[in-house]
Amino acid sequence: MDGSPVDVFGRPMGALRISLTDRCNLRCRYCMPEEEYAWLPRQDLLTFEEIEQLTEVFVSLGADKVRLTGGEPLLRRDVPELVRRLSGLPGVKDLAMTTNGVLLARHAESLREAGLHRLTISLDTLRPDRFTSMTRRGTHGEVLAGINAAVATGLTDLKIDTVVLRGFNSDELAELIEFGKSVSAEVRFIEYMDVGGATGWTPEKVFSRAEILETLSQEYGSCEELRKNDTAPADRFRLPDGTVFGIISSTTQPFCATCDRSRLTADGMWLRCLYAMTGTDLRTPLRSGASHDELRDLITGVWQQRRDRGAVERVSERANGQVFVSLESLKRDPHLEMHTRGG
Ligand code: SAM
């Protein structure tokens, strides 16, 4: 797109993830392990109109792939209305959502009707008892019902995202692949990242890309890596029976070199990296009446200074024993949390 800025390393702006809320109806131990959280003030949350306005600006700068996330995006009231607004914006080529699926059964049809293109559902285990112990909520059945509803409504291009933790679900990879086949969804295995509130992270719990490939090769035969022709975070592989799956190896093989993603929190903080310590407040200029062009100039200038390579830098920081952020910092600034910035 004309006038699309590139950052210091020549990376264009390609994808925008919009967090609709920092609230979640699960308490996954690898993401929200605490009993209590500081939440974003309600009056700070961007309205649908404000989200639409900012999305228009980002799209005009080349961010034509938009993903709605959270927290849990389906906790935000009337999400299909927002989907309708965004899917109608000229220039939005791809409108997707990442959800934990708990509330999906009641929304799948209206999301499809509103024009959602793609849906990713997070599912870490097929075993209800494991789900309850990991998420501290007993809603495994609702998630499965949500996936079935998405299939029934004809939402195509479904993905299932699974964070793999050694000793929790690393023995379920083949079962999850089989489940994915049964619902025509591509499964993507995510390495456990020490980001945001993942205060229980240890290197031993990371089940690496190499281990995932080895496990699946033993089960199915060799995994052929598919050529990559996009900047999506997953590397994709084909099993001998033709099944395709992905691996997002942010921890052992970060992909910062091609990262074209940035994130907008529910209160309008714009972050250029999942690991960024600071962001740019877009809510204040927006609410002070900044025009489309003024916001465009602001965002362009900041993107041109972008030099984030958070996941790559974490590799060496981690080797030096540095934690990402302390629990005290997380308590002081909810923007550092994964559930605020949007996974
Ligand atoms: N609530 C929605 C969901 O569960 O899909 C969207 C937000 S959630 C933060 C997005 C994704 O981030 C989920 O697939 C979740 O499993 C993943 N995630 C959260 N913390 C993670 C971590 N420490 N390492 C890897 N993935 C993580």
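Predicted model: local features only at pLDDT ≥ 70, side-chain atom pairs only at ≥ 80, totals over all residues.
How do the residues of the shell around the ligand divide into nonpolar, polar and charged?

View 1. The shell divides into 8 nonpolar, 8 polar and 2 charged residues. Ala, Val, Leu, Ile, Met, Phe, Trp, Tyr, Cys and Pro count as nonpolar, Asp, Glu, Lys and Arg as charged, and the others, Gly among them, as polar. In total 18 residues surround the ligand, and Tyr 30, Gly 71, Glu 72, Ser 122 and Met 193 are the closest (near: a heavy atom within 4 Å). Local features need pLDDT of at least 70 and side-chain atom pairs pLDDT 80 or more, while totals for chains, interfaces and linings use all residues. Residues are numbered from 1 along each chain as its sequence is written, and side-chain values use heavy atoms, without hydrogens and water.

View 2. Oxygen atoms of the ligand lie 2.5 Å from a polar side-chain atom of Ser 122 and 2.9 Å from one of Tyr 30. A polar backbone atom of Gly 71 is 2.8 Å from a nitrogen atom of the ligand. The protein buries 94% of the 550 Å² that the ligand exposes when taken alone (Shrake-Rupley method, 1.4 Å probe).

**View 3. Helices α1 (residues 48-60) and α9 (residues 292-304).** Their axes, lines fitted to C-alpha atoms over the stretch in contact, are 10 Å apart at an angle of about 55°. The two helices, DSSP runs of H or I with at least four residues, are therefore oblique to each other. Angles under 35 degrees count as roughly parallel, over 145 as roughly antiparallel, 65 to 115 as roughly perpendicular and the rest as oblique.

Technical notes
Polar contact = N/O pair within 3.5 Å; in protein donor to acceptor, adjacent residues only side chain to side chain. Axes fitted to C-alpha atoms, helices over the stretch in contact; angles between N-to-C directions.
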